[in-house]
Amino acid sequence: RSFHVLYRAYFGNCKRSRFGYLADTAKLIPPLKIDGPQNVYMYENTKVENSTISAVLSKFIMKKGSAAAEGLSVHTGNHMQLVGKYYRSITRQDKIDSGKVFDKDVVVEEDVWIGCNVTLLSGAHLGRSSVIAAGAVVNSDIPPYCIAGGVPAKPIKFKWTIDQILEHESKLYPEEERFSREQLEKIFAETKTKSNQ
């Protein structure tokens, strides 16, 4: 019995059949704690290690070629507050019955690097080939090809020029999946505007 408890604490719910999707090349390195593995989708050549993933009512999606260093913490849920009730006594059914959205998917696009001890909160969306600095807390959208950090995480700079990104994309993605120069120019401009506010 003690061995079983230790095994569960170290490996978590890592049976392949329990996941929403787990590619053959996806790596899960224990210790892991995964609540709601049926809502966890890890695509080709992805990796998490020494992590906690809570995806009970919404999905955690990590797309191909992305990885996280040790200490990743993912929480797709949010607490609900009800007048006259302690928050610890509010059930999942209360959240469902309210008709409001408290839990949102957390999506990590392709080729993303997540540093040590990063927290991804409900609704976080990490754009393609972004880099998240160690210790960051992400609760919103991070633009593609952006280096972001802080609490809450904010864009710091883009890791490449637009020409370098276009070259990178041409080597990895079919034409219909690539960003165009116009799209990248718009992303750069919008990110700069938000940073100056």
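Predicted model: local features only at pLDDT ≥ 70, side-chain atom pairs only at ≥ 80, totals over all residues.
By contact I mean heavy atoms within 4.5 Å.

The buried residues of α4 pack against β16, residues 154-158, and against α3. Which residues of α4 are buried? They are L184, I187 and T191. Viewed down the helix axis, the buried residues of α4 sit within an arc of 60 degrees, so they line one face. As for length, α4 has 16 residues, which at 1.5 Å a residue should span 22 Å; the end C-alpha atoms are 23 Å apart, so the two agree.

Next, α3, where H168 is located. Is H168 buried or exposed? Its relative accessibility is 19%, so H168 counts as buried, the cut-off being under 20%. The H168 side chain makes a polar contact with the side chain of D111, at 3.2 Å. Leaving out residues up to four places away in sequence, H168 touches D111, S129, Y145 and W160.

Now the sheet. Six strands form an open sheet with parallel pairing, in the order β1-β3-β5-β8-β11-β14. The edges are β1, residues 21-22, and β14, residues 141-142, each of which pairs on one side only. Strand β11, residues 125-126, is joined to β14 by two bridges, and L126 stands opposite I142 in β14.

L126 also brings us to the core. The largest nonpolar core has 39 residues, and those with the most contacts inside it are F60, I114, L120, L126 and I132. Elements that each supply at least two residues of this core include β5, β8, α3 and α4. The most comes from β2, with three residues. What does L120 touch? Beyond residues up to four places away in sequence, the list for L120 includes F60, I114 and L126, along with V106, V108 and V138.

Last, a loop residue. N39 lies between β2, residues 27-35, and β3, residues 40-42. N39 has a relative accessible area of 14% and is therefore buried. Setting aside neighbours within four places in sequence, N39 is in contact with G20, with the run A55, V56, L57, S58 and K59, and with F60. F60 is also one of the residues with the most contacts inside the largest nonpolar core.

Notes. Residues numbered from 1 in each chain as written. Heavy atoms only, no water. Pairing = 2+ DSSP bridges. Helix = DSSP H or I, 4+ residues; strand = E, 2+ residues; numbered from the N terminus. Buried < 20%, exposed > 50% of the residue type's maximum accessible area, 1.4 Å probe, protein only. Core = buried A, V, L, I, M, F, W, Y, C linked by side-chain atoms within 4.5 Å. Polar contact = N/O pair within 3.5 Å; in protein donor to acceptor, adjacent residues only side chain to side chain. Expected span 1.5 Å × (residues − 1). Arc of directions from axis to C-beta.
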